[in-house]
Amino acid sequence: MIKVRIPTPLRSLTKNQGEVDVTADSITDLVNTLEASYPGIKARLCDGSGELRRFVNIYVNEEDIRFLKGKDTTLKSGDEVSIVPAIAGG
Amino acid sequence: MKDLVIPQAILNDMIAHARELAPHECCGLLAGNNGVVSRMYRIANIVAIEGAQNLSSFDSAKIAHLERLSPAERAEIAFVMDMQDFSTAKKDMRNHGLDLQIVYHSHPHDPARPSITDIKIATDYEEIWPKINLPIPSYLLISLMHTTPDIKNYWIKSGQVSNASFIVR
Ligand SMILES: [Zn+2]
C-alpha cells in the first residue's frame, strides 16, 4: 500500500480526502490507479503524452521524481507519495 | 529573529528581473546560509500555460478573473512557478548546502503587500514545505507601481502576515 498526499486544489476530486491509499508499482501506474477512483485527476497531473505537467511535482519519500526516473519511478509498499502543486500567487 | 541579509547585487538582480518581465509578474527564490542570502534563482512564470490556474490554490474569484483574461494578460495579475525550474533550483541548493530563505515575486501594478491570493496560497503551502524538505520561507514583494521599486519582505503564517525585516549590504 502506498500513501498518497493530495494537495488542497485536487481534493474536490478525492471527496475532500487529503490522503488516499493505493496499490501501484510505478508513478504511471499510480496516476492511472488514482484516475480509476477519482476521474479527472490524471488530466490535472499529466499532459496528453503522460508527462508530468510543469505546474506540478511529485515526491516519493521526499525525493523529487524529476531526479529519480520521472513517471517511470518505481514504487514499493510503504512508500509515501506527495503531489505538490506549483508555488503561486497573485 | 535576526534580520536577513540580502547583498546589494542580488537585490539589484531581483529588481532587474522584475523590470524585464513587467508588465508580467516575475518570481524566484533566494537561498543562503545563517540568514545571509548568497544565491538567487529566477523561476519561469507559467500561469499562461493551459490548466496552470486549476492546480494552484487560487480562490474561485481569482480563477474566474484569470479565465476572463487572455493567457498573456494572466501573467500581469498572477504567477505560477515552473516546477521544473523549481526542482533544478532545489537540487542546486542541496548541492551547495544552501537553505531556501525567500520566495519573491513582483507586483507590476500594485503595492509591495501580499494580496489575498498570496496569503491564501502561502497558507496552503505551509504544510507542503516540510514534506519537500524545505524550511518555510519568507515572502518578498517587489512593487513597480512607482518609479522607485518598493521592496518588502513578510512572514505569512496561518493566514497572518507580519513584517520580516532585512538588511541590504
Ligand atoms: Zn502577489
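Is Asn133(B) buried, exposed or partly exposed, and what is the relative accessible area of Asn133(B)? In this predicted model, Asn133(B) is partly exposed, with a relative accessible area of 48%. The residue is found in chain B, in the loop that runs between helix H6 (116-125) and strand S6 (138-143). The backbone of Asn133(B) has a phi near 65 degrees, a positive value in a residue other than glycine.

A positive phi is also found at Ser158(B), another residue other than glycine, with a value near 50 degrees. Ser158(B) occupies the loop between strand S7 (150-157) and strand S8 (160-163) of chain B. With a relative accessible area of 56%, Ser158(B) is exposed, because exposed denotes a value over 50%.

A further backbone feature of chain B concerns the peptide bond from Ala22(B) to Pro23(B), which is cis, with omega near 10 degrees. Pro23(B) is placed in the loop between helix H1 (8-21) and strand S2 (27-33) of chain B.

The zinc ion has protein donors from chain A and chain B, lying 1.9 to 2.7 Å from the ion. Gly90(A) and His107(B) are both buried.

Technical notes
Residues numbered from 1 in each chain as written. Chains lettered and ligands numbered in written order. Predicted model: local features only at pLDDT ≥ 70, side-chain atom pairs only at ≥ 80, totals over all residues. Heavy atoms only, no water. Donors = N, O, S within 2.8 Å, 3.2 Å for Na, K, Ca; no water. Buried < 20%, exposed > 50% of the residue type's maximum accessible area, 1.4 Å probe, protein only. Helix = DSSP H or I, 4+ residues; strand = E, 2+ residues; numbered from the N terminus.
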